[in-house]
Amino acid sequence: MRDQTSWEDRHVVVLGLARSGVAVAKLLHRLGAQVTVNDRKPRSESPEAAELEALGIPVICGGHPADLIGAEVDMLVKNPGIPYHAPPIVQAMEIGVPVVTEVEVASLVTAAPIIGITGSNGKTTTTSLVGRMLVAGEIPARVAGNIGQALAEVAPDMKADQWLVAELSSFQLKGTNVFRPRIGVLLNITPAHLDYHRGMEDYIASKQKLFTNQQERDIAVLNWDSAVCRTLGERLQQQVLWFSRFEPVPVGWYIRDGMIIHRDTDGNENKVLPISQVKLPGVHLENGLAAAATAFAAGCPLTAIVHELTTFTGVEHRLEFVAEKNGVRWYNDSKATNPQAATAALESFESPVVLIAGGLDRGIDFQELIPIFRKRITGLVSFGQTATILTERAREAGVAHLRQAADVTEAVRLAAEMAVPGDVALLSPACASWDQYPSFEERGRMFKEAVHTL
């Protein structure tokens, strides 16, 4: 652990009692900082408060006191999801108090080199696969961040010969100033979380902070097939490795004639394996290429990379195969919380698809789904707040079979009536879950239960 002494007696406000807030409050307290935790939820909805108070950390619940942020505060560590217009954050920025997320703190206290992975879609699959490749290659590594443990729980005890593999969101990256991953991976950028970022420009800028503090000997892994990534790569001074499903790349990993190819910095090409042997379905093949490029850059042996590509079948709720019932294959892609992710999922199948979609209404018109609806789906069962508008878009696409359901459980029953042998029945909602379910995981679990009880 480094920089321990720099936290002694520093006054830090931690805003938000979620998992990362609790973890970073404990860490900073252990390092000698004077920590105060604040959450606007009432005490009755904040069970974590008692645990922190037992350690001697003051916790204020039920609102944001007007005097929470003053001249004595050295740093504010915010929960990533708290918007920047929240009063304590506005006050901190007005008087020059640094506002960061747990990612920044974790990076300051760890001796381990960091692999930071971000993107609009595919982060969890890629992060999980990189971690598995490194472990298979007998390279010490821990996976943390948005999956598994919070970074502040893992980072302090890691050593310089270990890799910290971190899944990072735009929310987390926006709150960084000096964060520097040894390897930064940007998978893709499509419109997402624009209500939080208040526009695409800030969303892209937040993702690109992954590379801001990298040095020449660091590595950026970028998607050659993304115009935003291609433009960014032209500006970076560090080494850039590319991955592509569609074209040869200058340096990196790509597909040609059904083979995964690795091209090194000298232009030498190595045929790695046929894509027919890769277990990841459809669009997740892109995540496999990104993971291979990243793990290889981290020193992982090619044999370990090939082993994982041919055995790793994906992550729960991300194009997860659930069962085959009466000749119909059922897939759970509950993590597809935006139209771009649903489009990518639909592109992964050649068979006719009966789609189950719907959820929280964020004011999206879903016009961009009409072409893929026309190309891929034979039926739609919609549910949630967006059921009506999704049905209308499917009707515009010429989809013949349309039903609306009260929830995902009823949607499974209706989809089973609609599908015929040889079809794929796919839950890919194109929406967040929060109108009916507390998380996409819960929505996916309910879907799987309904499929298994058909």
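1. Start in the loop between strand S15 (320-325) and strand S16 (328-332): that is where Asn326 sits. Its phi is near 55 degrees, a positive value in a residue other than glycine. Most residues other than glycine have a negative phi. Strands here are DSSP runs of E with at least two residues, helices are runs of H or I with at least four, and both are numbered from the N terminus.

2. Some ground rules: this is a predicted model, with local features needing pLDDT of at least 70 and side-chain atom pairs counting only at pLDDT 80 or more, while totals for chains, interfaces and linings use all residues. Residues are numbered from 1 along each chain as its sequence is written, and side-chain values use heavy atoms, with hydrogens and water left out.

3. Asp9 is worth a look too, in the segment before strand S1 (11-15). Phi of Asp9 is near 60 degrees, again positive in a residue other than glycine.

4. Now the helices. H5 (residues 123-136) and H11 (residues 284-297) have axes that come within 9 Å and cross at roughly 40 degrees; axes are lines fitted to C-alpha atoms over the stretch in contact, with angles from 0 to 180 degrees between N-to-C directions. That makes H5 oblique to H11, oblique being what is left once under 35 degrees (roughly parallel), over 145 (roughly antiparallel) and 65 to 115 (roughly perpendicular) are taken out. The crossing of H5 with H11 is right-handed, as the near helix is turned clockwise from the far one by less than a right angle.

5. On the H5 side, the residues in contact (heavy atoms within 4.5 Å) include Leu129 and Met133, and on the H11 side they include Gly288 and Ala291. The residues of this H5 contact with H11 divide into 8 nonpolar, 6 polar and no charged. Nonpolar covers Ala, Val, Leu, Ile, Met, Phe, Trp, Tyr, Cys and Pro; charged covers Asp, Glu, Lys and Arg; the others, Gly among them, are polar.

6. H16 (residues 408-418) packs on H17 (residues 440-452) at about 40 degrees, with the axes 8 Å apart. That makes H16 oblique to H17, and H16 passes H17 in a right-handed crossing. Val408, Thr409 and Val412 of H16 meet Arg443, Met446, Phe447, Ala450 and Val451 of H17. By class, this contact of H16 with H17 has 6 nonpolar, 1 polar and 1 charged residues.
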